[in-house]
Amino acid sequence: MKLFAVFGNPINHSISPRLHNLALNGLHINAIYTRYCLENGKDFKKKFYDLKLDGANITVPFKEFAYMQCDEVIGIAKEIKAINTVITKNNHLIGYNTDAPGFMLSIKDFLPLKSVLILGAGGTSKAISCALKDRGVKVSIVNRSKKRLDDFIDMGFNLNDWDSYEIQSYDMVINTTSAGLNDGSLPLPKNLLIPTLKRASYAFDVIYHKLTPFLSACKQNNLTCKSGADMLLYQGVLALEIFLENRYSQSEIKKYMEKAFTL
Ligand code: NDP
């Protein structure tokens, strides 16, 4: 039997076991996917091998720790410097980032895009901004604090904090902050956000289980909107495709995983 797990802290809220077990059961694969609450990110690799895992996902706050402990990193994860998926081959830990391509699959109906404004400069912002840049999209990032923007210097993005931001036109505005997750706040002050939305066509919020104040404002301003549910789904589809060594197509996996959002 194969064994997979998601590492994070906290981890009880993670929907990943549900997504993956639905697909593993649906595809009749002899495997179980569980969750593991890691205390210290430095122990990731040791725990992975102690638990005799065949593959794992990594969530907040350990994606950068896991990246550092991989023997090999594939694709866009090298640029993002964070991974959310690992497998092992010949005692080698191989890391991938499926958040970035998962995001691109989730916005395929909005493509092509010329320019995008990303609100927030955390880990999710890094994955999304690198994915868009790789597709030739002009990316601007605005963040509440100046400090977080340091992680993006010399990456080819237009960077601003709230004080230096000037209203411009973008095809799409993306919220990658947790503003509105547990409160009524907007990810950018209203006097800057609303005029920006009035000039844009599409909006995306990485938060996936509620209509945030941001998406609500986007709807009121007639933008075509999307929540983070499909991004979450596709990062899982791509991760399981890797775990199962490409023996199953994305559409076969998706057919079962997407039931997590409807059941
Ligand atoms: P980080 O902690 O790495 O970054 C948070 C960012 O949000 C920072 O830039 C921070 O700004 C900003 N921020 C936080 N609160 C506010 C606020 N009230 N107003 C304005 N800015 C704020 O978080 P992550 O990137 O890891 O996660 C962000 C969100 O993405 C979470 O809600 C998470 O659930 C979601 N997510 C969704 C995924 C999906 O598949 N749909 C995948 C991964 C994450 P500052 O620097 O000023 O503090």
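Which residues does Phe48 touch, not counting residues up to four places away in sequence? In this predicted model, Phe48 touches Phe7, Leu53, Asp54, Gly55, Ala56, Val86, Thr88 and Leu93. You can find Phe48 in helix H2, which covers residues 44-50. Phe48 counts as buried because its relative accessibility is 0%, and the cut-off for buried is under 20%.

**A buried residue in a strand**

Now turn to Ser115, which is found in strand S7 (residues 115-119). Ser115 has a relative accessible area of 14% and is buried. Leaving out residues up to four places away in sequence, Ser115 touches Val137, Lys138, Ser169, Tyr170, Asp171 and Met172.

**Helix H10 and its partners**

Let us move on to helix H10, residues 250-257, where the buried residues are Ile253, Tyr256 and Met257. Seen down the axis of H10, these buried residues fall within an arc of 100°, so they line one face of the helix.

| Helix pair | Angle | Distance between axes |
|---|---|---|
| H9 and H10 | about 125° | 9 Å |
| H1 and H10 | about 115° | 8 Å |

Take H9 and H10 to begin with. Their angle of about 125° makes H9 oblique to H10, and their crossing is right-handed. On the H9 side, Leu233, Tyr234, Gly236, Val237, Leu238, Leu240 and Glu241 take part, and they meet Gln250, Ile253, Lys254 and Met257 in H10. Sorted by class, the contact of H9 with H10 has seven nonpolar, two polar and two charged residues.

H1 also passes H10 in a right-handed crossing. Here Leu19, His20, Leu22, Ala23 and Gly26 of H1 make contact with Ile253, Tyr256 and Met257 of H10. By class, the contact of H1 with H10 has six nonpolar residues, two polar ones and no charged ones.

If you follow Ile253 on the structure, you will see it in the contact with H9 and in the contact with H1. Met257 likewise meets H9 and takes part in the contact with H1.

Key: Residues are numbered from 1 along each chain as its sequence is written. This is a predicted model: local features need pLDDT of at least 70, side-chain atom pairs count only at pLDDT 80 or more; totals for chains, interfaces and linings use all residues. Side-chain values use heavy atoms; hydrogens and water are left out. Buried means under 20% relative accessible area, exposed over 50%, partly exposed in between (1.4 Å probe, protein chains only). Helices (H or I, at least four residues) and strands (E, at least two) are DSSP runs, numbered from the N terminus. The arc is that of the directions from the helix axis to the C-beta atoms. Contact means heavy atoms within 4.5 Å. Axes are lines fitted to C-alpha atoms, for helices over the stretch in contact, and angles run from 0 to 180 degrees between N-to-C directions. Angles under 35 degrees count as roughly parallel, over 145 as roughly antiparallel, 65 to 115 as roughly perpendicular and the rest as oblique. A crossing is left-handed if the near helix is turned anticlockwise from the far one by less than a right angle, and right-handed if clockwise. Ala, Val, Leu, Ile, Met, Phe, Trp, Tyr, Cys and Pro count as nonpolar, Asp, Glu, Lys and Arg as charged, and the others, Gly among them, as polar.
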